[in-house]
Amino acid sequence: MALKGWAQHRHAVDALRASYAAIPPGDTVRLAKRTSNLFRPRAASGFAGLDVSGLDGVVEVDPVARTAEVQGMCTYEDLVDATLPHGLMPLVVPQLRTITLGGAVTGLGIEATSWKHGLPHESVSELDIMTGTGEVVTARADNEHAELFAAFPNSLGSLGYATRLRIELQPIGARVLLRNLRFDDLDELLAAAGEVMRTGEFAGQPVDVMDGVVFRPGESYLVLGRFGSEGPTSDYTGQDVYYRSLRAKATDGLTAHDYLWRWDTDWFWCSAAFGAQHPAVRRIWPRRYRRSDVYHRIVRLENRYGVAARIERRLGRPDRERVVQDVELPLDRTAEFLRWFAANVPMAPLWLCPLRLREREWPLYPMHAGTPYVNVGFWGTVPIAPGARDGDVNRAIEQRVFELGGHKSLYSDAYYDRATFDRLYGGPAYRAAKDRYDPGHRLTDLYDKVVGRR
């Protein structure tokens, strides 16, 4: 892809500031963007969004310094296309192609390098942010905007919008060589993950990437990979489906590009809900439309029109609750959560992604530096039991995660009361940054965004 260049970037920032200034006080401020990776419906605003059309690219890649200057609305798909020719990748590349750099930082993200490199915002050395006052400031950990730098991750655009980010890059080989290790006991799988996090290797072999899948408590897989330069590769963009290969292959290989997007083609396993994994449907479903943003578009249409839900009701089937969440548990409490989940939530498979913070802690997502965690991801629906409310399963998950010392990401449905939310997500630090950088409260409050769906 062609790089944007600094002149184009400055022009795009000017356009953003002008569109912000044109919004009357009191009107809802939102980005005008075509795609979203949020999984909760939002109330319609009826107002024009901010012009971010020119902030969707890579400004510069420095292969010597291993850094990239990236605009806030640049997708990881476009960023990877710019870095792979240099044999480089971002330290963490979230699973879905259309996640943006700004979105991953202000809304958090994770992937199979997170056991070593933490979360995407931890590879950001500085960023430009347009705040609630319309001013663009440069925030770093060591300058006068260090408070904003610290509070920006997990603020979901309620403190401002990233226009430029400087991020670290790391080398990646042309191939990613994988071992799919089956475990019949969850404790043994998690002990193996802990060994990798302590030593950087497993069974005498170095590990660069690590994640896993739980099909049921007695059948789970830890996928360990290392970067290489050659070897045979599989193709999961055609008839074969990636997650099914874990059961069939003890070893595997993918090109670097295909590895980074291995989960996107079938939205992990969620494409089955649209028939895209049925062999006959898959043969006629064009490859270019087998990707997460297409599936997400279908979901948005269903949320708007409820066609499938009406059909289910006519067939006499119960309404279903959306359970789409990522939660982080301390490593030593993860097996307990997984067993509770299997007993209480009829949903599988589940994704596992070990992680640890790199150096410091972040106030709006207060995990402990030095503590190993595991992200558990689960995405689907469950039937609403007679007498139950829509949301009861999500509430039970929130409570169990809290009891086990974990957190959950805020890209989907949340049901916390405000006091609990403030306690879990750095309320005092958030309010201090909000008062300083959005004193007129022109940007929607974080709690109102997440729980109020504004």
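Predicted model: local features only at pLDDT ≥ 70, side-chain atom pairs only at ≥ 80, totals over all residues.

**A charged pair and its surroundings**

Modeller: Happy to! The partner of Glu69 is Arg166, and their side chains form a salt bridge with N and O 2.5 Å apart. This pair ties together distant parts of the chain: Glu69 belongs to strand S4 (residues 67–71) and Arg166 to strand S8 (residues 160–171), 97 residues apart. Arg166, at 28% relative accessible area, is partly exposed. Both residues also belong to a salt-bridge network that includes Glu126, Asp128, Arg140, Asp142 and Arg164.

Arg97 pairs with Glu77, their closest N and O atoms lying 3.1 Å apart. Arg97 sits in the loop between strand S5 (88–90) and helix H3 (101–107), while Glu77 is in helix H2 (residues 76–83), 20 residues apart. Here both partners are buried.

Arg400 and Glu403 make a bridge at 2.8 Å between their closest N and O atoms, and they lie 3 residues apart in helix H13, about one turn of the helix. Arg400 is buried at 19% relative accessible area, whereas Glu403 is partly exposed at 43%. Arg400 is also among the H13 residues that meet helix H12, whose contacting residues include Glu336 and Trp340.

Technical notes: Residues numbered from 1 in each chain as written. Heavy atoms only, no water. Contact = heavy atoms within 4.5 Å. Helix = DSSP H or I, 4+ residues; strand = E, 2+ residues; numbered from the N terminus. Salt bridge = Lys/Arg side-chain N within 4 Å of Asp/Glu carboxyl O. Buried < 20%, exposed > 50% of the residue type's maximum accessible area, 1.4 Å probe, protein only.
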